[in-house]
Amino acid sequence: MKRFVRSANSRIITGVCGGIGQYFNIDPIIIRILAVISLFISLGITLLIYLLLTVLVPSEGDFRS
């Protein structure tokens, strides 16, 4: 079963974009570019969502057995 977690391997700031990329099997760089574009278009809503995901989504290391 796939879990949505913050990435420990492809982490630049908090690993949210890397985790999204791993979950959807997309290169995390594409997710990061879309996030930056969305940041300017949404006037900061994307930053709020990013911060919420940082707090709510567990880190990848929390689920390793």
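Residues are numbered from 1 along each chain as its sequence is written, and side-chain values use heavy atoms, with hydrogens and water left out. Because the model is predicted, local features need pLDDT of at least 70 and side-chain atom pairs count only at pLDDT 80 or more, whereas totals for chains, interfaces and linings use all residues. The pLDDT, the predictor's confidence in each residue on a scale from 0 to 100, averages 87 over the chain, and 94% of the residues score at least 70.

Arg6 lies in the segment before α1 (16–24) and is buried, with a relative accessible area of 16%, where buried means under 20% with a 1.4 Å probe and protein chains only. Contacts, defined by heavy atoms within 4.5 Å, link Arg6 to residues including Arg11, Leu53, Val57, Pro58 and Ser59, when residues up to four places away in sequence are not counted. A polar atom of the Arg6 side chain lies 2.9 Å from the backbone oxygen of Val57.

Ser59, one of the residues touched by Arg6, is found in the segment after α3 (45–56) and likewise counts as buried, at 16% relative accessibility. With residues up to four places away in sequence again left out, Ser59 touches Val5, Arg6 and Arg11. The side chains of Ser59 and Arg11 make a polar contact at 3.5 Å, a term for a pair of N or O atoms within 3.5 Å of which, within protein, one must be able to donate a hydrogen and the other to accept it, residues adjacent in sequence counting only if both atoms are side-chain atoms. Between the C-alpha atoms of Ser59 and Ile45, which are 14 residues apart in sequence, the separation is 23 Å.

In helix α1, Gly18 is buried, with a relative accessible area of 1%. Gly18 touches Ser7, Ser10, Pro28 and Arg32, not counting residues up to four places away in sequence.On the surface, Tyr23, Phe24, Ile26, Ile30 and Leu34 form a nonpolar patch with about 470 Å² of accessible area together (Shrake-Rupley, 1.4 Å probe), the members having over 30% relative accessible area, no salt bridge (Lys or Arg nitrogen within 4 Å of an Asp or Glu carboxyl oxygen) and nonpolar side chains joined within 5 Å.

Key:
Helices (H or I, at least four residues) and strands (E, at least two) are DSSP runs, numbered from the N terminus. Buried means under 20% relative accessible area, exposed over 50%, partly exposed in between (1.4 Å probe, protein chains only). Patches are made of residues with over 30% relative accessible area and no salt bridge: like charges are joined within 9 Å, nonpolar side chains (Val, Leu, Ile, Met, Phe, Trp, Tyr) within 5 Å.
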